[in-house]
Structure formats: structure tokens, C-alpha cells
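Hi there,

Here is the structure I promised to send over. Have a look at it first, and then read on for what I found.

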Amino acid sequence: MGIVLSAFTIGLILAALTMGMLISFRMLRFTDITVDGSLTLGASVAAVTIVNGWSPWLATLLAVFLGAVAGMFTGLLYTRFKIQMILSGILMMTALYSVNLRIMGRSNIPLLDTLAVSDTTESLIGNIAGTATHINIFGWPVSMADFSVFITALLICTLTGVALRYFLLTHLGTALRATGNNPQMVRAQGVNHNMMIVLGLSMANGLVALAGALLAQYQGFADVQMGIGMMVWGLASIIIGEALVGTRTIGVAITGAILGTIFFRLLIAIALRWGLNPNDLKLVTAVFVFIALVAPIWIKSLRKTIWGGLRNA
Amino acid sequence: MLKINRLIKTFAPGTVNEVRALRDVSLQIEKGSFTAVIGTNGSGKSTLLNAVAGSFVPDSGSIQLFDKNITSWSEHKRASLVGRVFQNPFAGTAAGMTIAENIALAMRRGKRWSLTMAINSKVREEISERVKTLKMGLEDRLDNPIGTLSGGQRQALTLLMATWLRPHLLLLDEHTAALDPKTAAKVAEITREIITRDKLTALMVTHSMQQAVDLPDRIIMMHRGRIVEDFRDEMKARVRVANLIEAFERVQKLDLFDHSVAEVLQQQYV
């Protein structure tokens, strides 16, 4: 149970990352590599401020804000300075590596005996449940601390998802979605499509930083390396989510992003349990994304040869 | 209404690909008039339309719309005054979004962007009502992605979107050229209906001589970046397709003449 619960919790935390990438990759169709840097940015900002005695909620908010600023810079590099899409992200990601080291002052900050956002939930649950240290979930005892983290992640994830869905259905959100679809049309409808790209990348990286801040509090440290490969993880989660529930409406797409992340974390937990070397994890993920990207084309051509063959027979 | 004054635009100047797309073009269009622009390939007719829409900044000259000098306005800023339909039926709509969402965008063209829901029951009713006037049965498919529709249906919707807020100026860039003849005729008919009903000022680039004779009340012919003919008023009323083709041949002959004269001169003097 412990392993499942932790997979769910990490999944719910990283769902913020996947939702952010849903905006940049799927809505704006912007291959944004800033993600690897802005996740660490969120983690390092939250870690430093929490260690310095900030409220974890305030620390998380600051992390989100600075993540959004990072995304804004990537957007400006692309729109104002006409730097290629991928290169804008790479520049920002590289710059953020040093920025993160500067923020933390060293490569790793442990968060031991500090407060986390889940402590608020734990004290609330404590008020209801009394002094019990464990809670029973489907017959498994789960420590109160783990349970509160799970509930906190669930709440934040749900709220973020609902807010994101609302935003994407507003006038502004509709214009943002159309920007990725057809920038020419968006301009003809009087929308500054460059502004939409900057706005979308800000929101996306704000969400990514949220995931980073929560992840640092959950795992108890922030590390300058923790963002490496996160973009591919997020992409894998998006692909799994689309396979699970599809993208029929905005609500479904967001639900898919959340479920996809959780499912992906479960897969990883199981694979690690079965003896997958953690060092191979990123290679396996990359291969998975590769297959997910090319499989539809293979299946199509395979179908064509099979059906074509039958028709000729 | 629309005043184009001595517009010049050269693409890729100083290179082998240099194209002098607009060479000193001046044009005035009155309010409520419907003008067709015809011309050979590369004559600059689409460039002229794009200049008005703001796709690029001209090298020199000015564009005035309703006493506002819009020469330096960005494309999206001009959209508050100008409605546009493109040649490519897929260019005017966002394929992945529904019919209702596409139209909801057009309903706020040039207005401030807000954080209110783009589509509610009232908006939906209004959309359904106006889509019904196209008589294509699309009002039952408002929640379908626009990418699932045919080119003609998408072009009709783009036209509806471009005219939803009664633009000061409607720009049509060969908007029926990519459609099959039957659909093209239908879209042309819808175009005429909307323009007469809303008394719109329109500028239409077209390849179809017949369309140029049938729909508008003024025809401008362009050649090599210049306006070479201007049929208006009684002259336009008398003009037939044959006259237009004749005019085409005349300017093309003039071109040949240019070349042969140059050759003769070369032989004699160089």
C-alpha cells in the first residue's frame, strides 16, 4: 500500500507539471524545454524560503510566480527576439541552472524538520481524527503524515485542474487555445498572438514550478539536478492520459493529464519494484515516448498493408 | 473611406529574388462600395489586400481607413476595423476547436479580452440563429470541431465570422478559388447576400472574371504592381467578361512590346 500511495501522491504532485505542459505542448504547440529548469526553480525557491522560516504556502506561491516569470522570458525570447522555439527553451533552461545554484547557494538543500504545506492538512485532520497516528485504507494502515500529504496533493491538484478548465473556457482561454491552432486566424480576430504565447508559457511554467515546490516538500530536499528529464516524463504522462481518456473536451483533456501522470508513476513504481535499475529510468521513458510517437504511424501503415493485401486477394 | 496613397512595396530588395510587388499604387474606395481586384499572377493584387490587412509594413505610402492612418497598425489591431476571408479555406478557422468556439472568438473581434465564459446559453442561441442563415445545417453541429467540415462549409463560416461585427472593411482574398464550382457559387451567393444586407464596404481579389462582372460595382485591374484599368459606374455596368479578357491581352501585349523593343534597341546600339 505504501508504494501505491506514494505513487499516487507523486502522481498528483507532478500532475501540475503535466497540466502546465498540456498548455505549452498541446494548446500552444510550443516545444518548451524551459520545464527542466523551471521545475528545479520552483523546488529551490520553495526550499530556500521554507528553510528561512517562510510559511510553506507563501513559499509555494512565490515559486509559482517565479516559474511564471521564467516562462515569460522564454516567451519573450521567442516572440520579441525571434529566437527559434527550441533554442529559446534551451537558453532559459541553461540560464536557470546557474540561477538555481545561486538561489540555493549549493547544489542541494535538505528540508528536515521544516514545515510543508501538508502540515496544515495534517493539523486539520488531527482536529477531526484526534491523536490517531495511523488511518485504515482498504485494510492497510497508512501513517497520518503520508495520508495528509496525499490529501493535500489531491486538493491542490483538483483545484488547479478546475481553475485551469475554467480559464481555458473563458474568452482569453479560447483565444489562447486558438493561437496554437491557427495563429493567422487569431490575428485576423484581433488577438495579439505573441502575447498569447507569452501568457501561455508563463502559466505553463508557473504550474511546472508548483509541481517543483510541492515535490521538494514531499521528498524532503531540493536538488539542482532534479529537473533533468522532467519534460520527457511530462510528455509521457500526457500521451498516456490521451490514450486513457482522449481529448474530447477541455475537462477530459485535463483529467487525462492527471490520470496519465498517476498511471505513469504507478508504472514506474512497479517497474522499480521488479528490479529496474533507477539509472535506466530515463532511457526507458525516452524509449516509451519514442514508441508512443511513432506507433500510430506504424499501425496505420501496417493496417494499410494488411487491408490492402486482403483487398488485392 | 479607404484611402491608399502611393503605396510601394519591394520584397527581398537587392537580391535575385527581388519582387517589386507594389509600384506606387493609389486607390480610393467609397463607403458601401464593393470593389473587385483582378490581375495576372504576380500582379500584386493579393499583396495590395495584405497591405490593407497589415500582413507587412509598406516601404512607403500610407493607408487610411475612416480618417485613421492605419499604415503602422499591427495586423491584430486592424482586425477591429477589418474582417478577412482567406483563399485557403483552412486559414480562417481554428481546426481543432468547435464551430461555437471559433465564432465566439469572432464575436469579440477587436474587443478587450475578458475572463468570462466564452460560450453560454445566450451566446449559443445567437450563434445558432446566425449559422442557420447559411442554410447548411451547421446549427446542429456547433460542438463539432471545425476541422471535420468541408472547405466550403469552413469558408462560409469564415465569411460569417469576418462579418459578424459588421467590419468597416471586408477583405476577400480569392475566397472561392479553392472550392469546387458548385460550392464556389454558393459561397459567392452568401457573400453577395451578406454584403448587400449589411451594406458593407468590400474589397475582393478574384481570379474569376465572371465573379468580377457579377458581384461588385467596380473592377480594378492590376498588372506588375500597378493599377492599369478601373471600371466603375456606367463603365462597370457595361463591362462583360470579354471586355476584361481583352484588357488582359492588351496589357500582356504591351509587355511583349516592351521586350521586343528592348531587343531591337540592344541590337542596334550595343
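Let me begin with chain B: buried residues make up 40% of its 270 residues. Here a residue is buried if 20 or more other C-beta atoms, placed from the backbone, lie within 10 Å of its own, exposed if 12 or fewer do, and partly exposed in between.

Before going further, please note that this is a predicted model, in which local features need pLDDT of at least 70 and side-chain atom pairs count only at pLDDT 80 or more, while totals for chains, interfaces and linings use all residues. Residues are numbered from 1 along each chain as its sequence is written, and chains are lettered from A and ligands numbered from 1 in the order in which they are written.

Chain B

There are nine helices and ten strands in this chain; these are DSSP runs numbered from the N terminus, with helices being H or I of at least four residues and strands being E of at least two. The C-alpha atoms of chain B fill a box of roughly 80 × 40 × 35 Å along the principal axes. Of the contacts in chain B with a separation of 6 or more, 69% are between residues 24 or more positions apart; two residues are in contact if their C-beta atoms, placed from the backbone, lie within 7 Å.

Helices H5 (residues 151-163) and H6 (residues 181-198) of chain B have axes that come within 10 Å and cross at roughly 10 degrees. Axes are lines fitted to C-alpha atoms, for helices over the stretch in contact, and angles run from 0 to 180 degrees between N-to-C directions. H5(B) and H6(B) are therefore roughly parallel to each other (angles under 35 degrees count as roughly parallel, over 145 as roughly antiparallel, 65 to 115 as roughly perpendicular and the rest as oblique). Among the residues in this contact are B:Leu159 of H5(B) and B:Ile190 of H6(B).

Chain A

Chain A has twelve helices and four strands, and buried residues make up 48% of its 313 residues. Along the principal axes, its C-alpha trace spans about 70 × 50 × 35 Å. Residues 24 or more positions apart account for 77% of the chain A contacts with a separation of 6 or more.

Helix H1 (residues 2-27) of chain A packs with helix H6 (residues 144-169) of chain A at an angle of about 25 degrees, their axes 9 Å apart. H1(A) and H6(A) are therefore roughly parallel to each other. Their contact includes A:Phe8 of H1(A) and A:Phe150 of H6(A).

H1(A) also packs with helix H10 (residues 230-245) of chain A, at about 85 degrees and with the axes 9 Å apart. These two helices are therefore roughly perpendicular to each other. A:Phe25 of H1(A) and A:Leu235 of H10(A) are among the residues involved.

Where the chains meet

The contact between the chains takes 25 residues from chain B and 18 residues from chain A. On the chain B side, helix H2 (75-78) and helix H3 (99-107) are the elements that give two or more residues, and H3(B) gives the most, with four residues.

Best wishes
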